[in-house]
Structures are given as structure tokens and as C-alpha cells.
Amino acid sequence: MQGLIDSGKYKVIEVLESDDSYEACLCIDVMVDSGYRSCLINTYKSREAIKTLLPLFYNDRFQECSSFRKLITSDGCVSVVFDHNEGESFQEYFVKNPSLTFQQRQELAQSLLLESLQLDLLDDRLAQRVTSRRNVVVDKGLMRVGINYMMPVEVQFREHFRSVWLGELLCTIFPQGKKLPLEIDEYIIRLLNGEFDSCVDIYSEWREVSRMATETLGSYEKEGFFKCLFRYMKEKKRRNREIMR
């Protein structure tokens, strides 16, 4: 990757991935006063990748995606420019913050699911490339989850990927425990089992689940130790049966 992209309009500050067919890098737009806010540029170099992906980038729905900035074609390559979300790695954030309250976890889940709605604007072949855990970050100051659009050529396709991916992320936000509301647990199981095909449906379901979970947590707080333990063991067995379906 050269130090400048698009005739010097973008300056490369970090190369994230690079091979013969694809490069991803963080850049700054030197033509505007953006406060040095970084952008993410995916560059496709192989003819096969360009032939497959270029029509998808010209799709009207894709260009409605709020993170999309610009499409550049030059020198036999195609570059797609996106906004870049700054933040801490999703996985690292939750490892470092095990004591988050249930309400804080709710807020982060809400932010994640709202952000994911943009994925419904993308063709499955593009959205599948975005749904990688490494593309998810947490802004600690704003308590907000962001999704970056790093989209490599090589990807392992799977069915119901939006549902399964979000289920896996919610497993990190809401770890198993005696105080995890049943509604959250059952919702995550449904996601992991691939019951949803759109992020809109997933978010719509979440709003009711979140409301009911808050009420359930209130009843859990009134339980004695043995009642809480018995309920947890019973729900754990049920959960294992549901996931094995």
C-alpha cells in the first residue's frame, strides 16, 4: 500500500491487512478539516474480487449505508472508503470490565443492535465480510459500540450469519450467571440457533426482551440463595438442551 491514496487525498496511517488481492488501511482525509478523524479504506486488486464485489458497491441500498463515504476506481483497483469507529477491541473491553452492571450491559447491547441495522442495507456477500468480531469496538467514554467495515476477499460463508454473529457477541456482553434474566438467555439461544435473518427483526425483538428482562431481574434480586441456585441449575440444563437442537 502506498503512503497516499486517490491522488494524495488520503494519507495512510496504518496498514491493517495486506495480500496480493486485498489491502485494508486506516487513513486520514488530507483534503478536509476532519480533525484527523480516520477513515477505513478497503482496496481490491484481483480481477475476480473486483468482478464479484464492484456491482454490489454500486447498489443503491449499499450507498445508503451511513458509514460509506466514497468509491474510488483507479489503476486497475477498486477502493471503498468508510468512516472508522475508534475504540477498544470488543473482546478486550469485556475482559477488562467484568464488573459492568446489568444496565450498562443493556446499553451496550442496545448500541450494538442499533449499529447492526446498517448491515441490512448490504448484500449478504458484503455483510458476511463485515460480521467479524475484530470489526467491533467499544467507545469507553460514550459507552457506545461501533462496527467497522473491513471486508476481506476471503471469507467463510455461513447461513443465518447476522443472527448467529449477534448471538455470539451478546454472549460476551451477557455472560452466563445466576442473575442473567431468562428473557435474555432465551433470546441469545434463538440468535445462536439462527432464527432471524435480518437485523431489523433482531432489534425489534430485543426491545421487548430488554423491557421484560429488567422486570425479571427485579424479581431475582428478591430471591434467597437456595432458590436462586435451584433456578439457575434448572435454567442451565434447559439452555444446554436448546443449544443442542
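Modeller: A search of the whole structure finds 13 aromatic pairs; rings of Phe, Tyr and Trp (its six-membered ring) pair if their centres lie within 6.5 Å, and planes under 30 degrees apart count as stacked, over 60 as edge-to-face and the rest as tilted. This is a predicted model, in which local features need pLDDT of at least 70 and side-chain atom pairs count only at pLDDT 80 or more, while totals for chains, interfaces and linings use all residues. Residues are numbered from 1 along each chain as its sequence is written, and side-chain values use heavy atoms, leaving out hydrogens and water.

One of the pairs is formed by F82 and Y149, which are stacked with 5.0 Å centre to centre and 15° between the planes. Because F82 lies in strand β6 and Y149 in the loop between β9 and α5 (161-173), this pair ties together parts that are 67 residues apart in sequence. Helices (H or I, at least four residues) and strands (E, at least two) are DSSP runs, numbered from the N terminus. F82 and Y149 are both buried, that is, under 20% relative accessible area, with exposed meaning over 50% and partly exposed in between (1.4 Å probe, protein chains only). Ring pairs also link these two residues with Y22, Y44, F57, F62 and F68 in a cluster.

Y44 leads on to the nonpolar core. Such a core is a set of buried Ala, Val, Leu, Ile, Met, Phe, Trp, Tyr and Cys residues joined through side-chain atoms within 4.5 Å. The largest one has 61 residues, and among these Y44 and F174 touch the most other members. Helix α7 (residues 199-220) gives the most to this core, contributing seven residues. A second, separate core has nine residues, including V12, C27, C39 and I41.

Apart from neighbours within four places in sequence, the contacts of F174 (heavy atoms within 4.5 Å) include F102, R105, Q106, A109 and W206. Four of these, F102, R105, Q106 and A109, are among the buried residues of α3.

An open sheet of three strands has the order β7-β8-β9, with antiparallel pairing. Since β7 and β9 stand at the edges with a single partner strand each, one side of each is left without a neighbour in the sheet. Helix α3 packs on this sheet, touching β8 and β9, and its direction makes about 30° with that of β9; axes are lines fitted to C-alpha atoms, for helices over the stretch in contact, and angles run from 0 to 180 degrees between N-to-C directions. Two strands pair if DSSP finds at least two bridges between them. Two bridges join β7 (residues 88-89) to β8 (residues 136-139), with S89 opposite V137. Four bridges join β8 to β9 (residues 144-147), where V136 has I147 as its partner.

The hairpin of β8 and β9 has four residues between the strands, and M143 takes a positive phi near 55° there. Most residues other than glycine have a negative phi. D75, in the loop between β5 (68-74) and β6 (77-83), likewise has a positive phi near 55°. D75 counts as exposed because its relative accessibility is 75%.
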